[in-house]
Amino acid sequence: MSKSMLLQLQLLLLFTSCWRGITSSPTDDSAARSGHGERGEPGFEEQHQDSYSTFASEFFESKYMTEEGYPFPTAPPVDPFARIKVSDCGVTKGCFRYGKPGCDAETCDYFLSYRRIGADVEFELSADTDGWVAVGFSSDKKMGGDDVMGCVHDDNGRVRIHHFYNVGQWAKEIKRNPARDEEGIFENNRVTCRFKRPVYVSREETIVDLHLSWYYLFAWGPAIQGSITRHDIDTPPVSDHMISIYNYDDVFMPSAAYQTFSSPFCLLLIVALTFYLLMGTQ
């Protein structure tokens, strides 16, 4: 082999060696450092599959898993309905009770409370019914032309607050509903609810200003598919005087069954009949 050919062969080998050093060594080093060696060798790590399932699982782990590998806790449940406190009646809120003497918000035929909270009035209503319970604001103690707030138990078990306007003896639902922060529950065959309503509202026929005094109409009754029907009693109770939200009274009104025996005339009649019967047995 001539010297020129030998020199060319040496230069070729040198060039090949340099090329391998430039292209192969850094990659091999980085592969070893990153754990991407050959399968079965130390440091080998499976390549990510190019698929949606792999991406979704990695996204879930990075977004919804803690460092310990446990899922983040779910949102806390909604607070249960707070029981109505009758001990506040006449002190920090006004109350009306209709039914058996000594009844409370869970045993009265009908219960209503109200109190001012800033620019709002908070109402609490409860009645012995599986349908609806309502309060109306009237200028004359009679149904007709009244602003009414009602809590209605629907077929899904929820209690929703509705706004009505009495047209004669018929309650028409009004889309504009001033209620907010509403909550309700149906339990032990009772509809109970709580909501706030602004003291002052823009002047409108179907919504009254609560800073003025009104007669309060109390009513409750059954519902069909979330729609109210006629109230339970023919003559629902009415406050005997106009109510001001700035006065916190605790008013009890006996239901019809207890009104009979509480009447002075009826008591006198019972005494007379008892005396007559005792005299007749002698």
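Q: Which residues have the most contacts inside the largest nonpolar core?
A: Tyr110, Phe123 and Tyr216. That core has 32 residues. A nonpolar core here is a set of buried Ala, Val, Leu, Ile, Met, Phe, Trp, Tyr and Cys residues joined through side-chain atoms within 4.5 Å. Buried means under 20% relative accessible area, exposed over 50%, and partly exposed in between (1.4 Å probe, protein chains only).

Q: Which strand gives the most to this core?
A: Strand 3, residues 120-127, with four residues. Strands (E, at least two residues) and helices (H or I, at least four) are DSSP runs, numbered from the N terminus.

Q: What is this model based on, and how are residues numbered?
A: The model is predicted: local features need pLDDT of at least 70, side-chain atom pairs count only at pLDDT 80 or more, and totals for chains, interfaces and linings use all residues. Residues are numbered from 1 along each chain as its sequence is written, and side-chain values use heavy atoms, with hydrogens and water left out.

Q: Which residues does the second core include?
A: Trp132, Val148, Val152 and Phe164 are among them. This separate core has six residues.

Q: Charge pairs now. How many salt bridges?
A: The count is 12. A salt bridge is a side-chain nitrogen of Lys or Arg within 4 Å of a carboxyl oxygen of Asp or Glu.

Q: What does arginine 197 pair with?
A: Aspartate 147, with the closest N and O atoms 2.3 Å apart. Arginine 197 is in strand 9 (residues 190-198) and aspartate 147 in strand 5 (residues 147-153), so the bridge ties together parts 50 residues apart in sequence.

Q: Are arginine 197 and aspartate 147 buried or exposed?
A: Both are buried.

Q: And where does glutamate 187 sit, relative to arginine 83?
A: The two form a salt bridge, closest N and O atoms 2.7 Å apart. Glutamate 187 is in strand 8 (residues 180-187), while arginine 83 is in the loop between helix 3 (52-64) and strand 1 (94-99), 104 residues apart.

Q: Why does glutamate 187 count as partly exposed?
A: Because its relative accessibility is 31%. Arginine 83 is partly exposed too, at 49%.

Q: What about aspartate 154 and arginine 158?
A: Their side chains meet in a salt bridge, 3.3 Å from N to O. Aspartate 154 counts as buried at 15%. Arginine 158 is partly exposed at 38%.

Q: Which residues do shared partners join into one network?
A: Lys93, Glu124, Glu183 and Arg194, through salt bridges.
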